[in-house]
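Keep the coordinates open as you read.

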Amino acid sequence: MPTWEHVPYGRKIESAKDLDFLRPLLGPLDFEVAITVGVDACLRLRSVHTVGIGTQTSVDFSASAAFRPLVMAGIGAAILVHNHPGGRSTPSQADVMQTASMVNAAGMVGIEVLDHVIVTRREVVSMVELGVLLGGGEGRRDGMR
């Protein structure tokens with residue numbers, strides 16, 4: 001199970017590539033883990049929370065698990081992240097559906113979901129950059145690309 005004490009808190013997160021520090025933590029796992037990465041208004045990394053632990057092929061997590069820590073900390077934007085132990089970086093249909101559900105739930109509690117990133121042993125892949133998830137802070141002057 002990954003621990004978050006060596007996370008580069010305060011680092012600006014402008015794209016999925018800035019989350020590459022998660023690859024050595026999540027990539028080698030043989031089960032899926034879902035986390036939320038909380039960022040402030042200047043896109044500086046403020047929090048990382050494990051929100052779900054799954055199997056080799058899936059992970060389920062609730063909106064309350066994903067967003068409660070962010071709401072309690074006063075963090076208004078998040079990046080959803082999970083790993084694919086099998087190495088395939090393409091989002092599954094279940095990934096796309098769960099992301100849409102999480103974006104909707106986040107909006108209800110005042111959290112902006114900037115992206116959903118998939119981590120494998122070799123890469124980090126942005127659902128926004130793939131065109132699977134619309135948004136990604138596009139209304140922000142300093143939003144993720």
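Buried means under 20% relative accessible area, exposed means over 50%, and partly exposed lies in between (1.4 Å probe, protein chains only). The model is predicted: local features need pLDDT of at least 70, side-chain atom pairs count only at pLDDT 80 or more, and totals for chains, interfaces and linings use all residues. Residues are numbered from 1 along each chain as its sequence is written, and side-chain values use heavy atoms, with hydrogens and water left out.

Start with the sheet. Strands (E, at least two residues) and helices (H or I, at least four) are DSSP runs, numbered from the N terminus. Two strands pair if DSSP finds at least two bridges between them. Here 5 strands form an open sheet in the order β2-β1-β3-β4-β5, and the pairing is mixed. β2 and β5 (124-126) are the edge strands, each pairing on one side only. From one strand to the next, the twist averages 25 degrees. Axes for such angles are lines fitted to C-alpha atoms, for helices over the stretch in contact, and angles run from 0 to 180 degrees between N-to-C directions.

Now take β1, residues 33-39. On one side, β1 runs antiparallel to β2 (residues 45-53), and 7 bridges join the two. Ile-35 has Thr-50 as its bridge partner in β2. β1 also pairs with β3 (residues 77-83), again in the antiparallel sense, over 6 bridges.

How many residues of β1 are buried? The count is 7 of the 7, so the strand is largely enclosed by the rest of the structure. In a regular strand the side chains alternate between the two faces of the sheet. Val-33, Ile-35, Val-37 and Val-39 point one way from β1, while Ala-34, Thr-36 and Gly-38 point the other way, and all are buried.

β3 carries the sheet onward. Its pairing with β4 (residues 112-119) is parallel and uses 7 bridges. Leu-80 has His-116 as its bridge partner in β4. His-82 stands opposite Ile-118 in β4. β3 is mostly covered, with 7 of its 7 residues buried. Ala-77, Ile-79, Val-81 and Asn-83 lie on one side, and Ala-78, Leu-80 and His-82 on the other.

Return to the β1-β2 hairpin. It has 5 residues between the strands. Leu-43 lies in this loop. Its phi is near 65 degrees, a positive value in a residue other than glycine. Is Leu-43 buried or exposed? Leu-43 counts as buried, because its relative accessibility is 0%.

Charged pairs come next. Side chains of opposite charge can pair when their charged atoms come close. A salt bridge is a side-chain nitrogen of Lys or Arg within 4 Å of a carboxyl oxygen of Asp or Glu. The whole structure holds 3 salt bridges. Asp-40 takes part in one with Arg-44, where the closest N and O atoms are 2.9 Å apart. Asp-40 forms another with Arg-46, at 3.0 Å between the closest N and O atoms. Shared partners join Asp-40, Arg-44 and Arg-46 into one network. Asp-40 is buried, at 17% relative accessible area. Arg-44 is partly exposed at 33%, and Arg-46 is partly exposed at 39%.

Arg-23 and Asp-20 also meet in a salt bridge, 2.8 Å from N to O. Arg-23 is partly exposed, with a relative accessible area of 25%. Asp-20 counts as partly exposed too, because its relative accessibility is 30%.

Finish at the pocket. Rolling a probe the size of a water molecule over the atoms shows where empty space is left. A pocket is an open set of points on a 1 Å grid over the protein atoms alone, where a 1.4 Å probe fits, with protein on both sides within 12 Å along at least five of seven lines; lining residues have an atom within 4 Å of a point. Grid points are joined across faces, edges and corners, and a volume is the space filled by probe spheres set on the points. The largest pocket has a volume of about 310 Å³. It is lined by 20 residues, and Glu-32, Thr-57, His-84, Ser-92 and Asp-95 are the closest to its centre. Helix α3 (residues 93-108) gives the largest share of the lining, 3 residues. By class, the lining has 5 nonpolar, 11 polar and 4 charged residues. In this scheme Ala, Val, Leu, Ile, Met, Phe, Trp, Tyr, Cys and Pro count as nonpolar, Asp, Glu, Lys and Arg as charged, and the others, Gly among them, as polar.
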